[in-house]
Number of protein chains: 2
Amino acid sequence: REKFNQISPSEFFYRNRDLAGFSNPTRSLYTAVREFVENGLDACDQSGTPPDIRLSIRAVDRDRPDPRPYVLTVADNGPGVESSQIPLAFGTVLYGSKFGLKQARGMFGLGATMAILYGQITTNRPVVVKSSTDGKWRDEYELLLDIQKNKPVILKHRRVEAAKRGLSVSISLEGDYSKAGSRIRDYVYQTSLITPYASVTFDDPKGARFQYKRIVASMPEPPTVIRPHPYGVDVETIRRMTVENAREMPRADEALAKKVNKELGIGGKKGGSLGDALAGAKKKWTKLTGQARLMAALMALLGRDMAGLSRVRVDDIDAANRTVTYWDYDASESRTVGMGPDADHYKALAEIAAGDTLTAFLTKRFQRVGKSTAEKFAKFAGFRPEHRLGTMTNQELVKLSEALQKFTDFFPPDPSCLAPLGAEPLEKGIRKFFEPDFSSVVQRSASAYSGFPFVVEMGVAYGGGIQTRGAKVYRFANRIPLLYDEGSDVVLKVSNDIDWKRYSVGPDPPLVIVSHICSTRIPYKTVGKENVADRQEIEKEIRLALQYLLRKLASYMKRKGRAEAAKKR
Amino acid sequence: REKFNQISPSEFFYRNRDLAGFSNPTRSLYTAVREFVENGLDACDQSGTPPDIRLSIRAVDRDRPDPRPYVLTVADNGPGVESSQIPLAFGTVLYGSKFGLKQARGMFGLGATMAILYGQITTNRPVVVKSSTDGKWRDEYELLLDIQKNKPVILKHRRVEAAKRGLSVSISLEGDYSKAGSRIRDYVYQTSLITPYASVTFDDPKGARFQYKRIVASMPEPPTVIRPHPYGVDVETIRRMTVENAREMPRADEALAKKVNKELGIGGKKGGSLGDALAGAKKKWTKLTGQARLMAALMALLGRDMAGLSRVRVDDIDAANRTVTYWDYDASESRTVGMGPDADHYKALAEIAAGDTLTAFLTKRFQRVGKSTAEKFAKFAGFRPEHRLGTMTNQELVKLSEALQKFTDFFPPDPSCLAPLGAEPLEKGIRKFFEPDFSSVVQRSASAYSGFPFVVEMGVAYGGGIQTRGAKVYRFANRIPLLYDEGSDVVLKVSNDIDWKRYSVGPDPPLVIVSHICSTRIPYKTVGKENVADRQEIEKEIRLALQYLLRKLASYMKRKGRAEAAKKR
Ligand SMILES: Nc1ncnc2c1ncn2[C@@H]1O[C@H](COP(=O)(O)OP(=O)(O)OP(=O)(O)O)[C@@H](O)[C@H]1O
Ligand SMILES: Nc1ncnc2c1ncn2[C@@H]1O[C@H](COP(=O)(O)OP(=O)(O)OP(=O)(O)O)[C@@H](O)[C@H]1O
Ligand SMILES: [Mg+2]
Ligand SMILES: [Mg+2]
């Protein structure tokens with residue numbers, strides 16, 4: 001007989017931590033650094049603060065050889081996290097503030113917690129989080145994780161005076177700086193390239209300080225949240241949108257009872273009979289408020305007066321199947337009642353459950369759908385424009401969801417919510433870091449995959465200060481440098497396809513390709529965010545960008561060739 | 001001000017379902033097939049039943065073009081799932097029976113639920129699960145998933161007479177058989193190769209039947225559960241093992257009160273005073289049972305008699321820090337009390353919390369650690385062999401965990417718990433499927449990575465019925481065919497490194513390589529189980545196996561070359 005168990009999400013990621021980039025001390029030190037740095041940059045981005053990120057890694061015992069325990073600390077000047085949320089944000093997996101549809105580095109709600117988890121299981125030391133949201137008071141927490149329950153354990157909490165706003169997080173973890181060091185330095189250096197408005201300082205275990213001051217003084221426009229787009233919406237999402245849509249069921253408490261009984265004309269007499277209430281409702285139906293109609297309808301259906309209605313909780317009004325399901329507090333059970341179609345109560349209840357019309361739903365809940373597009377869609381999908389969402393059967397919801405994918409006249413997703421780096425800052429960064437003889441940059445116009453808008457920006461640099469031979473590809477997504485597993489990334493797939501001879505570039509050229517994709521959702525292949533899936537639309541934009549830039553390079557190579565030939569003569 | 005949310009694990013995998021292999025209708029149809037087939041095979045393996053797996057995929061509407069809804073049904077003759085567990089096993093993510101340390105195809109507790117989730121969000125139809133554990137009665141469930149809450153919703157449940165034992169699961173999902181079909185057929189065919197004792201029947205949407213009867217009549221030895229190995233054990237695991245180790249805290253109910261009061265000599269008098277109880281304890285200490293000593297110690301420490309003790313719940317006895325933490329039911333709060341070191345109560349409580357000695361802990365809780373190895377380890381790690389686990393400070397637990405990784409005299413992990421296919425059945429399968437001129441097979445002796453034992457089995461086949469040109473690699477792990485993302489797999493990494501000229505094999509040879517890794521834990525790179533990480537020890541075994549087989553191939557090629565030359569002459 002098999003023994004079954006439920007495991008928590010933290011337990012799942014503890015057992016399978018290589019999925020999140022914590023496979024060994026080398027990789028884990030790197031991943032912990034990036035998770036904390038990316039959180040700091042996200043926080044500064046969202047509050048419009050030019051980021052000052054301070055990263056320090058020091059060995060606990062300098063005489064021990066790698067792998068060995070390190071103390072990793074990352075501090076920022078961002079908006080911090082408010083006290084009550086700190087234990088949850090850092091001590092719970094799948095808890096965060098970045099689940100909405102907005103461009104951000106974080107998206108899973110687990111990066112920081114995983115780094116803290118790895119520290120705890122290798123050194124058994126708690127994490128120290130210090131946060132000030134107002135620059136006056138700072139909350140300092142020492143936390144451990146209850147990995148089996150996915151809950152934080154608060155060991156210490158104190159509130160002290162603060163000098164400035166910001167957050168710092170410090171963990172002890174087993175790492176291998178001798179192996180991870182060069183990639184951590186690359187990560188810091190590349191972060192500075194793609195975030196030219198951020199200042200990053202890195203104090204390494206050897207006592208060296210790497211400082212990258214901002215080269216752009218002003219913050220770019222922050223990314224914004226957008227409503228979903230019809231493409232890429234499935235039946236589950238539609239179903240949830242219709243459920244939120246149904247007007248809220250009011251609770252039959254004393255205040256409401258008083259109000260409704262008054263309207264029904266039995267307010268004066270204390271607890272007038274149900275019969276009196278229903279008679280009053282029938283008599284005054286057209287003058288009743290929507291709320292009174294709803295309560296009268298429930299009274300009629302369930303045979304209870306307002307006092308009786310306070311003993312139940314209406315859970316579902318299924319207008320399509322003409323049933324009402326409610327929880328009876330006294331009997332402690334759920335009951336379902338059928339409704340007759342001609343009763344007034346049916347009309348009132350159906351009105352509640354019915355929610356918005358199809359066209360109102362589309363224009364309110366999706367981006368860029370106007371009234372005429374909504375009506376055109378309704379015709380295409382075979383629905384009446386005034387069809388109430390709440391009355392759709394499951395069959396109809398599927399038909400609606402499929403039609404949303406197939407209708408070709410929706411405007412493409414709105415890219416104005418995105419915050420690309422911009423061609424100019426990208427070229428500035430490339431020229432500063434590589435000092436090339438030639439560089440060219442392009443920002444493609446926005447595209448979309450599965451309803452998610454994205455923008456590809458790319459740069460190519462040649463010669464000059466570039467020491468490496470053979471095209472070296474620097475990949476970025478939502479301003480995060482991606483340094484591992486390039487073999488499975490869409491950008492490498494495209495660049496490996498290039499026939500270099502077509503562009504007058506010799507074999508093993510001193511060439512750098514910088515690629516940046518930003519989107520409300522990057523289709524990462526793994527929880528460790530190391531490579532991007534080759535969605536068709538993304539692959540196409542990358543290919544077009546690269547071909548454009550390589551043609552520019554080819555012209556330069558030809559001019560250079562002619563200039564050198566002229567020189568020789 | 002940021003708004004925080006907790007999402008459930010099903011919500012996480014709904015939003016990020018490409019991580020689990022559900023990125024589009026083509027891939028999703030394939031992944032759904034394999035998740036259900038692998039569950040059926042796992043169930044039959046664990047019950048020692050030669051598997052009969054019936055897979056059917058039919059289009060809901062044959063006139064619609066792909067992608068379109070399909071009904072996918074997988075039925076087996078395994079042990080089924082008992083009624084109360086069915087909604088949880090199939091309707092909850094991270095719920096399953098395969099979290100123990102044993103070779104199995106499943107390991108995450110989410111495969112079946114993800115396939116059901118994908119079906120629901122594309123067609124809104126419930127899953128139908130039918131299960132009979134005894135061949136007399138069958139439970140039939142219709143379930144939907146509450147994705148936000150990670151709970152099943154039971155729409156229907158009935159119990160009918162059954163003809164035989166087994167389980168079937170049937171979902172409606174949007175798929176693309178025109179694109180997924182060839183890989184699904186490959187999957188079925190390769191499953192038959194690596195599981196020669198299983199019969200698999202596949203009825204496809206076109207009405208064709210693919211039947212693979214078993215070519216081996218008897219079941220192999222089933223894999224078994226093993227205790228963990230010292231290597232690859234971290235502080236969290238050690239800490240949990242010591243916590244389980246502490247003897248259970250008995251509940252101070254009436255029955256225990258009677259027993260203890262009797263032992264302390266106040267049993268007769270109804271509710272003798274606390275003072276009498278403690279005096280009795282002091283007088284009779286050496287004759288008291290362990291349980292009576294424990295309760296007397298608590299009485300002394302908390303100043304409560306047995307009746308008073310029933311109003312608290314002891315949560316933690318921290319012998320190292322000499323505190324006891326308990327929940328006071330009446331005050332509804334947690335309290336911590338310090339203990340003096342000389343009191344008898346300290347000795348008794350410490351005995352409880354102390355748990356096993358280090359050597360007893362090692363020999364009982366780990367595989368292959370005998371008394372002498374345990375004592376040798378204690379010396380190496382700098383602990384007294386009789387040091388009680390429960391009295392270790394956090395610092396000492398870390399020291400213990402690190403020493404366990406560094407001690408070189410532990411026996412390697414026990415591979416007898418594994419169930420490899422075997423060289424002979426593997427070669428039989430290879431010869432049947434490829435009809436080659438030459439084949440050679442090897443089963444490497446067991447190795448281990450991070451304390452997990454594994455065995456590599458490999459086969460090479462050349463010429464004859466092999467039509468493809470260029471080495472074609474068939475990858476298997478724990479008897480699962482891996483058909484996607486071979487670029488990131490350790491086996492391709494090794495085979496791409498091969499210098500074929502060394503083995504007298506021309507370019508683009510008609511060559512097949514079959515690789516099978518079995519382990520108590522396969523280090524997959526993704527939740528979708530498509531490729532295996534290149535752990536050093538695994539890469540080494542694969543390389544050695546392949547080199548050995550290619551040398552055999554080289555001898556064959558030379559003999560063949562000489563024979564053909566002789567023929568010419
Ligand atoms: N330095 C910081 N400043 C402000 N808020 C922070 C900071 N670090 C973390 N947070 C908050 O804690 C939450 C959890 O962080 P965590 O890294 O675990 O998840 P995430 O960033 O949302 O997603 P991901 O797993 O993709 O990184 C974040 O959503 C954010 O609200
Ligand atoms: N055909 C079956 N016969 C018997 N038990 C089954 C069957 N299918 C599923 N189960 C049970 O349901 C549980 C959940 O299955 P699920 O596929 O979701 O997870 P898993 O197989 O444990 O892990 P994985 O996610 O790696 O597949 C299994 O652990 C198993 O106990
Ligand atoms: Mg994060
Ligand atoms: Mg499974």
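This is a predicted model: local features need pLDDT of at least 70, side-chain atom pairs count only at pLDDT 80 or more; totals for chains, interfaces and linings use all residues.
To find your way on the screen, take A:Thr201, whose bridge partner in β10(A) is A:Gln211. In this hairpin 5 residues lie between the strands, and A:Gly207 in the turn shows a positive phi of about 95°.

Now some backbone details. Most residues other than glycine have a negative phi, and most peptide bonds are trans. With that in mind, look at B:Arg368, where phi is near 60°, a positive value in a residue that is not glycine. B:Arg368 sits in the loop between α12 (358–365) and α13 (371–381) of chain B. Then go to A:Asp66 and A:Pro67, which are joined by a cis peptide bond with omega of about -5°. A:Pro67 belongs to the loop between β2 (52–59) and β3 (68–76) of chain A. In chain B, a cis bond joins B:Asp66 and B:Pro67, with omega of about -10°.

Next, salt bridges. By the rule used here, the count over all chains is 80. One of them is between A:Arg159 and A:Asp139, with the closest N and O atoms 3.0 Å apart. That pair links distant parts of the chain, since A:Arg159 is in strand β7 (residues 151–161), A:Asp139 is in strand β6 (residues 137–146), and the two are 20 residues apart.

On to the interface. How many residues of chain A are in contact with chain B? The count is 62 residues of chain A, in contact with 62 residues of chain B. The area buried between the two chains is about 5,300 Å², and carbon and sulfur atoms give 47% of that. A:Phe4, A:Asn124 and A:Arg240 supply 13% of the area that chain A buries against chain B, more than any other three residues.

What crosses the interface? The rule finds 10 salt bridges there, including one between the side chains of A:Arg17 and B:Asp234, at 3.3 Å from N to O. On the chain A side, several elements each supply at least two residues, among them β1 (5–6), α4 (111–123) and α14 (394–406). The largest share, 6 residues, comes from α1(A). By type, the residues on that side divide into 24 nonpolar, 20 polar and 18 charged.

A strand pairing also spans the two chains. β1(A) pairs with strand β4 of chain B, residues 95–96, in the antiparallel sense over 2 bridges. Within that pairing, A:Gln6 has B:Tyr95 as its bridge partner.

Last, the symmetry. Chain A superposes on chain B by a rotation of 180° with 0.0 Å of shift along the axis, at an RMSD of 0.1 Å. The two copies are therefore related as by a two-fold rotation axis. The same surface serves both copies, as 100% of the contact residues of chain A recur in chain B.

Technical notes. Residues are numbered from 1 along each chain as its sequence is written. Chains are lettered from A and ligands numbered from 1 in the order in which they are written. Side-chain values use heavy atoms; hydrogens and water are left out. Contact means heavy atoms within 4.5 Å. Buried area is the accessible area (1.4 Å probe) that two parts lose on being put together, summed over both. A salt bridge is a side-chain nitrogen of Lys or Arg within 4 Å of a carboxyl oxygen of Asp or Glu. Helices (H or I, at least four residues) and strands (E, at least two) are DSSP runs, numbered from the N terminus. Ala, Val, Leu, Ile, Met, Phe, Trp, Tyr, Cys and Pro count as nonpolar, Asp, Glu, Lys and Arg as charged, and the others, Gly among them, as polar. Two strands pair if DSSP finds at least two bridges between them. Copies are superposed by least squares on the C-alpha atoms of residues with pLDDT of at least 70 in both.
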